[in-house]
Amino acid sequence: MCHCVNIEMGSYENQTVLDYPKWFVSGKKAAGIDNCILEEIKGLWEKGIQTTESCCGHNKAPGYISVLPEYIPAMMELGYKHLVIPEMANICSLWDENGFRADTFEPKYSAPLSSDPSKQEPHNQSQQD
Ligand SMILES: [Zn+2]
């Protein structure tokens with residue numbers, strides 16, 4: 001979950017409008033990105049991944065990041081996990097009956113912003129005997 005406080009779903013508060021990179025294949029030139037995932041989205045663009053939709057969830061719902069289908073493997077290589085949102089099941093044709101979307105991933109923001117990154121457990125150290 002993210003760090004929004006009192007942001008209504010569907011609102012454009014706590015967003016920053018970013019111009020799309022020139023290489024984006026899109027009818028739009030810019031999009032409002034939720035601030036909670038702004039740096040993450042910018043990072044994906046820098047890696048050459050075109051996102052199509054994203055929402056931080058405003059601390060009320062799971063956030064998500066959707067990409068063009070050709071970038072699904074790149075997202076998986078980056079360690080992104082597919083997102084299953086049962087509440088979205090059959091809400092529209094983009095989501096299947098289980099609330100799964102092949103092009104949609106869980107943002108990595110889950111570590112609280114307030115925590116000091118230097119105090120976080122390294123992820124690459126497994127338990128050793
Ligand atoms: Zn948020």
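Is Asn6 buried or exposed, and how many C-beta neighbours does Asn6 have inside 10 Å?

I started there, keeping in mind that this is a predicted model. I counted 10 C-beta neighbours inside 10 Å for Asn6, so I put Asn6 down as exposed; the cut-off for that label is 12 or fewer.

Next I looked up where Asn6 sits. I found Asn6 in the segment before β1, the strand that runs over 15-19. Then I checked the backbone angle: phi of Asn6 is near 60°, which is positive, and the residue is not a glycine.

I went on to Asn14. I saw a positive phi here too, about 55°, and Asn14 is no glycine either. I placed Asn14 in the segment before β1.

Buried would have taken 20 or more, and exposed 12 or fewer.

Then I stepped back to the whole chain. I noted two helices and six strands. Reading along the sequence, I wrote the order down as β-β-α-β-β-α-β-β.

What share of the chain is buried? I got 20% of the 129 residues.

Last, I looked up contacts. Taking those in the chain with a separation of 6 or more, I found that 40% come from residues 24 or more positions apart.

How values were computed:
Residues are numbered from 1 along each chain as its sequence is written. This is a predicted model: local features need pLDDT of at least 70, side-chain atom pairs count only at pLDDT 80 or more; totals for chains, interfaces and linings use all residues. Helices (H or I, at least four residues) and strands (E, at least two) are DSSP runs, numbered from the N terminus. Two residues are in contact if their C-beta atoms, placed from the backbone, lie within 7 Å.
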